[in-house]
Amino acid sequence: MSDSLNIGFIGLGLIGGSIAKSLKRFHPQTRIFAYTRTEATLDLAVSEGIVDVKCTKEDEAFASCDYIFLCAPVHDNISYLEWLVSIGKISIEDFNLPVG
């Protein structure tokens, strides 16, 4: 894994938090950017050294991420996908979905 890899997390619950913690444990050089609705959860992840960059909802800092894990509830992830498309982080061509 590259020394300069930036990985974003939207949602730090059971799934997102577990993946982020494991990534940081096995690849401590990885910079982790994260947003979650519960401020206390995000503050704890920062204080434990899991999260390097504390983000807000739809934070432009996510644009610098090499990968972004969407670990929020499914209905929330749909709006995050739309936002990621709107900022040019992903394109609809990245998905094999029918249009219309």
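**Exercise 1. Determine which residue forms a salt bridge with Asp-52, and how the pair relates parts of the chain.**

Solution. Asp-52 pairs with Lys-24 in a salt bridge whose closest N and O atoms are 2.6 Å apart. The criterion is a side-chain nitrogen of Lys or Arg within 4 Å of a carboxyl oxygen of Asp or Glu. The structure is a predicted model, in which local features need pLDDT of at least 70 and side-chain atom pairs count only at pLDDT 80 or more, while totals for chains, interfaces and linings use all residues. Residues are numbered from 1 along each chain as its sequence is written, and side-chain values use heavy atoms, with hydrogens and water left out.

Next, locate the partners. Helices (H or I, at least four residues) and strands (E, at least two) are DSSP runs, numbered from the N terminus.

Finally, consider accessibility. Buried means under 20% relative accessible area, exposed over 50%, and partly exposed in between (1.4 Å probe, protein chains only). Asp-52, at 37%, is partly exposed, whereas Lys-24, at 12%, is buried.

**Exercise 2. Identify the aromatic pairs and classify each by its geometry.**

Solution. Rings of Phe, Tyr and Trp (its six-membered ring) pair if their centres lie within 6.5 Å; planes under 30 degrees apart count as stacked, over 60 as edge-to-face and the rest as tilted. By this rule there are two aromatic pairs. The ring centres of Phe-9 and Phe-69 are 4.9 Å apart and their planes are at 5°, so this pair is stacked. Phe-9 lies in strand E1 and Phe-69 in strand E4, so the pair ties together parts that are 60 residues apart in sequence. Phe-9 is buried at 0%, and Phe-69 is partly exposed at 29%.

The pair of Phe-62 and Trp-83 is edge-to-face, with 6.2 Å from centre to centre and 80° between the planes. Phe-62 is in the loop between E3 and E4, and Trp-83 is in helix H3 (residues 74-86), 21 residues apart. Both Phe-62 and Trp-83 are buried.

**Exercise 3. Describe the largest nonpolar core and the elements that contribute to it.**

Solution. A nonpolar core is a set of buried Ala, Val, Leu, Ile, Met, Phe, Trp, Tyr and Cys residues joined through side-chain atoms within 4.5 Å. The largest has 13 residues, and those with the most contacts inside it are Phe-9, Leu-12, Ala-20, Ile-32, Ala-34 and Val-51. Strand E1 (6-10), helix H1 (14-26), strand E2 (31-35) and helix H2 (39-47) each give two or more residues to this core. Apart from this core lies another, of 11 residues, including Phe-33, Val-53, Phe-62 and Cys-65.
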